[in-house]
Amino acid sequence: MTEHIPQKNKPEIRACREIARTRLFRVEELDIRFSNGEERIYERLGEFETGHRGVMVVPLVDHQHFMMIREYAAGTEDYQLTLPKGLAEPGETLQEGGNRELKEEIGFGAHRWHHLADFSLSPNYMKRSIHIMVARDLYEETLEGDEPEPLEVETFSFDQLMTLCARPDFTEARVIAALFMVREQLQAGLLG
């Protein structure tokens, strides 16, 4: 059953200006007029100009277990449990980019792939989304990555999800959402 989503007239973006740029980010200012005549200035992180697409991978060991990495997160200034992720290079498919990231970050590749979903990261402030991929039928293979230190790889059970959510080093909302979605799809037999 497809849910009907009412359509509204989108606001008009009257102007888009770059107001700041760093090595990784571009900040844009949007001059917006709403259908009721109200006008506002919004700021957002703009698109990367490189054509890269973000990909995050849920590596399944089997129907009950998945692998995660522990890496330093500059935003929280601490180590976090997370999933392998990165950017698919121009010319790479999402599967190829995801497979490369897996090999670089956990030392495994995957024979089977499933596109789970696309998540927006912070839709009020970012135009960017990330593609969530499920990797199955893992095999050992390592590629040299660009991480500044070796990543710790850990295996967890889907039965541990609620316990993981109570940990201070497991706080990334998109990772939590992806793991719960994969668990539900596995239980429903949708990822056979």
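## Before we start

Because the model is predicted, local features are reported where pLDDT is at least 70 and side-chain atom pairs count at pLDDT 80 or more, while totals for chains, interfaces and linings use all residues. Residues are numbered from 1 along each chain as its sequence is written, and side-chain values use heavy atoms, with hydrogens and water left out.

## The nonpolar cores

In soluble globular proteins, nonpolar side chains tend to be buried together. A nonpolar core here is a set of buried Ala, Val, Leu, Ile, Met, Phe, Trp, Tyr and Cys residues joined through side-chain atoms within 4.5 Å. Buried means under 20% relative accessible area, exposed means over 50%, and partly exposed lies in between (1.4 Å probe, protein chains only).

The largest nonpolar core has 25 residues, and F66, M68, L179 and V182 touch the most other members. Two or more residues each come from β4 (53-59), β5 (65-73), β8 (108-120), β9 (129-140), α2 (161-165) and α3 (173-187). Helices (H or I, at least four residues) and strands (E, at least two) are DSSP runs, numbered from the N terminus. Helix α3 gives the largest share, six residues. Apart from this core lies another, of 12 residues, including M67, I69, L94 and A110.

## A three-stranded sheet

Which strands make up the open sheet of three? The order is β6-β5-β10, with antiparallel pairing; two strands pair if DSSP finds at least two bridges between them. The edge strands, β6 (78-82) and β10 (152-157), each pair on one side only. Strands β5 and β10 are joined over six bridges, and M67 stands opposite T155 in β10.

## Salt bridges

Side chains of opposite charge can pair when their charged atoms come close. A salt bridge is a side-chain nitrogen of Lys or Arg within 4 Å of a carboxyl oxygen of Asp or Glu. The whole structure holds 22 of them.

R14 sits in strand β1 (residues 12-21) and D31 in strand β2 (residues 26-33), 17 residues apart. R14 is partly exposed, at 38% relative accessible area, whereas D31 is buried, at 17%. Another salt bridge links E71 and K85 (3.9 Å, N to O). E71 belongs to strand β5 and K85 to strand β7 (residues 85-88), 14 residues apart.

R100 pairs with E92, their closest N and O atoms being 2.9 Å apart, and both residues are buried. Finally, E18, R21, R26, E28 and R44 are linked in a network of salt bridges.
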